[in-house]
Number of protein chains: 2
Amino acid sequence: MVSLQNEKVKLWKKLKLRKWREREQKYLIEGPHLVQEAVFSAREQVNTILIDEAFHLPAEWPLDGIEIFQVTHKIFTELTQTETPQGIIAICEMSRPAVLLKPGRYLLVDGVQDPGNLGTLIRTADAFGLDTIYLGDGCVDGYNAKTLRSAQGSHFHLPVVHKNLFQLSKEMKAQKIPLYGSSLQGHELDQVSVNGPYFGLVVGNEGNGASPELLAEMDQQVKIPMRGSAESLNVAVASGILLYWLQAKGLA
Amino acid sequence: MVSLQNEKVKLWKKLKLRKWREREQKYLIEGPHLVQEAVFSAREQVNTILIDEAFHLPAEWPLDGIEIFQVTHKIFTELTQTETPQGIIAICEMSRPAVLLKPGRYLLVDGVQDPGNLGTLIRTADAFGLDTIYLGDGCVDGYNAKTLRSAQGSHFHLPVVHKNLFQLSKEMKAQKIPLYGSSLQGHELDQVSVNGPYFGLVVGNEGNGASPELLAEMDQQVKIPMRGSAESLNVAVASGILLYWLQAKGLA
């Protein structure tokens, strides 16, 4: 059992704040479903597991090399960020992309504000097998509790990285990675050809789309053809359609 | 000013419950953004507007034929379903599809549980200009406050109708409307041909997909090709991709 004054507990509690997550490059996940996905898909990223007094760890989980602490219910309650805690928390290391940017398939997220939307975006990027998802400066934190919940474990399948997108788009251009930006002023998808399997796709803020400065760096600005009356699509829905289109046309 | 004992107020309060919404075929919307969309897009469906003491109705809204009541702040507080009420509520009539089912473009939603997801689905169906969205027996209510909020006014652009989907799919077959069902056991989209602009598309519950009995009625079961590791897509994202695919291929 670990006491509330313990230095470790103090650090764990700090990880509830974005500032400390970024400084330590660590984050908290909660609940058996997410922790199981982490230990099976990305065990090397799982640092520590904390269990509430009453929680029993499943015998089949591969836990070699992971520190495990049982904590009092009081400490657990101080650490949890959910209304109905499920008795298990893990501390994970943020995954990092390769140091050198290589041709690949990337999603660049500019200024998305809603953590649930961002989680769904991460899950969608994962489903399409993207190499990395980059979050721009104005984006909500990729490691907050709501984002992690709605991403349903996709954080353990691809790196989720905060980075300046303008600078990144310059690097991608230098690597000759074709850049596509979602914009209501863009060309409709059926009018645009896709240049091979690699891409950087920029999607933007729920209300305003991606920033004009960033869109100006794109090779193509594209728009989903829509016949109806809704002004726009949800950003995760739009991203799913664009990723499907890039996959279908880029591999054809 | 209307008093709390008033029969009208009693009825308005009842509309917070699904049972009463279905019985009366009426529902509540809140906030200037949604009410504005309603009076501009579907004024004939807006029955009554209730305003809190301090709210001023914009002079440019077309309000002919709509009953308007100013209520006390106390009554308003009893009627509101949001944490930060914005001073205006409207009572709307549910829209209905044409009595006779005609060839058209329809989304059939089987057992979706999350009101936010359902709202995003309704918004997506609207963006693609669908004729009606049908919600099956096990679906969350299409007119609850969260669904209405996340649909962002799309309820005023297309009918949102609760209906038995099995029976409906029989009626669609009789009308020779091609039926497509989203299923992890389906054929990948690139292998499937789309038979003209009309369709009924079935999408299913977040965890389990559409029911096997309903899928058995489909002409085609289809699957989005995915190269990555996420087990599945969010139902609204998947629906967006399928509607884009049906539109692109059906009109080609």
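This is a predicted model: local features need pLDDT of at least 70, side-chain atom pairs count only at pLDDT 80 or more; totals for chains, interfaces and linings use all residues.
Student: Then what is found between chain A and chain B in terms of polar contact?

Tutor: A polar contact is a pair of N or O atoms within 3.5 Å; within protein, one must be able to donate a hydrogen and the other to accept it, and residues adjacent in sequence count only if both atoms are side-chain atoms. By that rule, ten residue pairs are in polar contact across the interface of chain A and chain B, both residues being at pLDDT 80 or more.

Student: Which elements give two or more residues to the side of chain A that touches chain B?

Tutor: Helices (H or I, at least four residues) and strands (E, at least two) are DSSP runs, numbered from the N terminus. Here the elements are helix H5 (115-127) and helix H9 (235-250) of chain A. H9(A) supplies the largest share of that side, seven residues.

Student: And what area is buried between the chains?

Tutor: Buried area is the accessible area (1.4 Å probe) that two parts lose on being put together, summed over both. For chain A and chain B that comes to about 2,500 Å², with 61% from carbon and sulfur atoms. On the chain A side, A:Arg123, A:Arg227 and A:Tyr244 lose the most area to chain B, together 25% of what that side buries. If you'd rather count contacts (heavy atoms within 4.5 Å), 29 residues of chain A meet 29 residues of chain B.

Student: Back to salt bridges: which residue does A:Asp141 pair with?

Tutor: A:Arg18, with the closest N and O atoms 4.0 Å apart. A:Asp141 sits in the loop between strand E6 (132-135) and helix H6 (145-151) of chain A and A:Arg18 in helix H2 (residues 18-24) of chain A, so the pair ties together parts that are 123 residues apart in sequence. A:Arg18, A:Arg21, A:Glu22 and A:Asp141 are linked in a network of salt bridges.

Student: Is A:Asp141 buried or exposed?

Tutor: Buried means under 20% relative accessible area, exposed over 50%, and partly exposed in between (1.4 Å probe, protein chains only). A:Asp141 has 3%, which makes A:Asp141 buried, whereas A:Arg18 is partly exposed at 30%. For a local case, take A:Glu7 and A:Lys10, whose closest N and O atoms are 3.7 Å apart in a salt bridge. Those two are three residues apart in helix H1 of chain A, about one helical turn. A:Glu7 is exposed at 60% and A:Lys10 is partly exposed at 41%.

Student: In what order do the strands of the open sheet in chain A come?

Tutor: Two strands pair if DSSP finds at least two bridges between them. The order is E1-E4-E2-E3, four strands with mixed pairing. Strands E1 (26-30) and E3 (67-71) are the edges, each pairing on one side only. Inside the sheet, strand E2 (residues 46-52) runs antiparallel to strand E4 (residues 88-93), joined by five bridges, and A:Ile49 stands opposite A:Ala90 in E4(A). For angles, axes are lines fitted to C-alpha atoms, for helices over the stretch in contact, and angles run from 0 to 180 degrees between N-to-C directions. Helix H1 (residues 7-14) of chain A lies across E1, E2, E3 and E4 of chain A, at about 95° to E3(A).

Student: Which way do the residues of E9(B) point?

Tutor: In a regular strand the side chains alternate between the two faces of the sheet. B:Phe199, B:Leu201 and B:Val203 point one way from E9(B), and B:Gly200, B:Val202 and B:Gly204 the other way, all of them buried. E9(B) runs parallel to strand E5 (residues 105-110) of chain B, with six bridges, and pairs with strand E8 (residues 179-188) of chain B in the parallel sense over three bridges.

Key: Residues are numbered from 1 along each chain as its sequence is written. Chains are lettered from A and ligands numbered from 1 in the order in which they are written. Side-chain values use heavy atoms; hydrogens and water are left out. A salt bridge is a side-chain nitrogen of Lys or Arg within 4 Å of a carboxyl oxygen of Asp or Glu.
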